[in-house]
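Reader: Can you walk me through this model? I'd like to start with a pocket and then move on to some helices.

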Amino acid sequence: MSGPPTTLAQQCTTSTDTPAEPSVIGPMPPVNPSPKSPISELMEICMRMGIDVTFTVISEIGPPHNKEFVISCSAGNIIGQGKEYNKKKAKHLAAADALKKLQESEEYKNYLFNRSTKAAAPSHYNVVGQLQEAIAKKGLQLPQYEFDQPIGPPHKRQFVTKVQVGNLTASGSGRSKKEAKRSAAAAMLDNLNCSNLSLHVPAKKIAFKPASSAIDPTPILFKSGGTL
């Protein structure tokens, strides 16, 4: 004997179908967004690299209530540009454009390479001493350093040093004389490794003694009484 027929509500309750997951509406949030604004990141990088950053309003087009701002951002030789109907947003766009161009430049890549090299170098790393050691192995004379007059304002001086070894010359710059000397020594090391500098050993000087004279230079002493 069959039981009473099931109602529609009971059929929906006893259904084994899993409910559909709610669909996600709208774009997904960015993964690990950068906490720094383009202006802050650009200023921080340029400060470490010793580069000045300036913003310039190129143009303001349109009525007062709806102006379009064009702003340029210069970081050394890098120039970025931003255009927006909000002055603050235009400045951010200009900084972001300059930051992208700076990070793609060879100057920034060299900065990262030098930074990683210094971090990996031991504490006793001395490029000036390495240069003298390399020169000694080649039998060359010691390097000659020449310090030029510093350039730039007092709070941002740049020192330039030139070094010469044989017929090779190199130069380096830095915030101090010591840093400039190290930079010049590193450049000279690269020149020595890439050059076929011949070994110049200075000839030894031979000292010639005059022929012995027939006259004995020993002074003659006369004693009293006239005897020698």
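**The second largest pocket**

Author: The second largest pocket holds about 150 Å³ of space. This is a predicted model, where local features need pLDDT of at least 70, side-chain atom pairs count only at pLDDT 80 or more, and totals for chains, interfaces and linings use all residues. Residues are numbered from 1 along each chain as its sequence is written, and side-chain values use heavy atoms, with hydrogens and water left out.

Reader: Which residues line the second largest pocket?

Author: Met-43, Cys-46, Met-47, Gly-50, Ile-51, Asp-52, Val-53, His-155, Lys-156 and Arg-175. A pocket here is an open set of points on a 1 Å grid over the protein atoms alone where a 1.4 Å probe fits, with protein on both sides within 12 Å along at least five of seven lines; lining residues have an atom within 4 Å of a point.

Reader: What does the lining have by class?

Author: Five nonpolar, two polar and three charged residues.

Reader: And which domains does the lining draw on?

Author: Domain 1 (38-115) and domain 2 (127-194) each give at least three residues. Helix H2 (residues 38-49) supplies the largest share, three residues. Helices are DSSP runs (H or I, at least four residues), as are strands (E, at least two), numbered from the N terminus.

Reader: Then H2. Which of its residues are buried?

Author: Ile-39, Leu-42, Ile-45, Cys-46 and Met-49. Buried means under 20% relative accessible area, exposed over 50%, and partly exposed in between (1.4 Å probe, protein chains only). Seen down the axis, the buried residues of H2 fall within an arc of 140°, so they line one face of the helix. Cys-46 also lines the second largest pocket.

Reader: What comes just after H2?

Author: Gly-50, with a positive phi of about 75°. Gly-50 is in the pocket lining as well.

Reader: Switching to H5. How many residues does it have, and what is its reach?

Author: Helix H5 (residues 127-138) has twelve residues and reaches 17 Å from its first C-alpha to its last, close to the 16 Å expected at 1.5 Å a residue. Val-127, Val-128, Leu-131 and Ile-135 are buried in H5. Their arc around the axis is only 105°, which puts them on the same side of H5.

Reader: What is on the face turned away?

Author: The exposed residues Ala-136 and Lys-137.

Reader: Last one: where is Asn-66?

Author: In the loop between strand S1 (53-61) and strand S2 (68-75). Asn-66 has 41% relative accessibility, so it counts as partly exposed. Asn-66 and Asn-86 are 20 residues apart in sequence and 8.8 Å apart in space, C-alpha to C-alpha.

Conventions: Points joined across faces, edges and corners; volume = space filled by probe spheres on them. Nonpolar A, V, L, I, M, F, W, Y, C, P; charged D, E, K, R; others polar. Domains from an automatic or database assignment. Arc of directions from axis to C-beta. Expected span 1.5 Å × (residues − 1).
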